[in-house]
Amino acid sequence: MNLEEKELHETKSRRIRRVKKWLRPMPRRANIHRYPVLRHFSRAAKKRIYLWSFRVENALPSIYVGSVLTFLPIYGLQLPLAFLFALILRSNLPILVSLQLITNPFTVLPIWFALFQIGHNALSLFGVEALPLGRADLDLLMQSVEHGEWGQQIDRIFSVFGQMTLGALIIGLSLGLILGNAYQLGARYTKKSYQRLKERIEARRSGS
């Protein structure tokens, strides 16, 4: 084994260890039954190999859809929807689910407020008037929801939901574009590295 081949082997080993470290907190084929929501789908998930594939064609749909889904104002529904989209798109489940962790009990409210502002400002750029959401408006809206008085605030609820959804689409697609391009670059680099290693091994065997 020459020096270049040894370095390529070491690079491959480091990459594998790094990927395993990243995958540790993610749902995997071996531990999906431990997740509160996903465990109900564990038997079906284990039978579908494409859910665990990190090929570009399986990873990219998960990156784009997962980036949008995590920001949509449907907190609590993301995990079952992530599994459903992974089945429909035949895409990677760990990536889709991991992206849903962006919104959690500690981040969901600040993220939703930011999404509303982004959606509201985006509509303003196109000259579309939308209902604002100040502190007093938010307090009134929360009181109406708590007391079940949906009818009195239905217009504002739909307006807020629509503006948050628009903000989610803007931020989600932007994040998906960044992560998707980064994943493709990494995949191409890894493929070239493995190809060089394969060529060096074949050259050494043919020369021996």
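At what angle do helix α3 and helix α4 pack, and how far apart are their axes? In this predicted model, local features need pLDDT of at least 70 and side-chain atom pairs count only at pLDDT 80 or more, while totals for chains, interfaces and linings use all residues. Residues are numbered from 1 along each chain as its sequence is written, and side-chain values use heavy atoms, leaving out hydrogens and water.

**The pair α3 and α4**
- Helix α3 (residues 56-69) and helix α4 (residues 78-89) pack at an angle of about 155°, and their axes are 11 Å apart.
- That angle makes α3 roughly antiparallel to α4 (over 145 degrees).
- Contact (heavy atoms within 4.5 Å) is made by Pro-61, Val-65 and Leu-69 of α3 with Gln-78, Leu-81, Ala-82, Phe-85 and Leu-89 of α4.
- Of the residues in this contact, seven are nonpolar, one is polar and none is charged; Ala, Val, Leu, Ile, Met, Phe, Trp, Tyr, Cys and Pro count as nonpolar, Asp, Glu, Lys and Arg as charged, and the others, Gly among them, as polar.

**Helix α3**
- From its first C-alpha to its last, the 14 residues of α3 reach 20 Å, close to the 20 Å expected at 1.5 Å a residue (1.5 Å times one less than the number of residues).
- Buried residues (under 20% relative accessible area, 1.4 Å probe, protein chains only) in α3 include Leu-60, Ile-63, Val-68 and Leu-69.

**The whole protein**
- The protein has eight helices and zero strands (DSSP runs: H or I of at least four residues for helices, E of at least two for strands).
- Buried residues make up 35% of its 208 residues.
- Among contacts with a separation of 6 or more, 72% come from residues 24 or more positions apart.

Technical notes:
Axes are lines fitted to C-alpha atoms, for helices over the stretch in contact, and angles run from 0 to 180 degrees between N-to-C directions. Angles under 35 degrees count as roughly parallel, over 145 as roughly antiparallel, 65 to 115 as roughly perpendicular and the rest as oblique. Buried means under 20% relative accessible area, exposed over 50%, partly exposed in between (1.4 Å probe, protein chains only).
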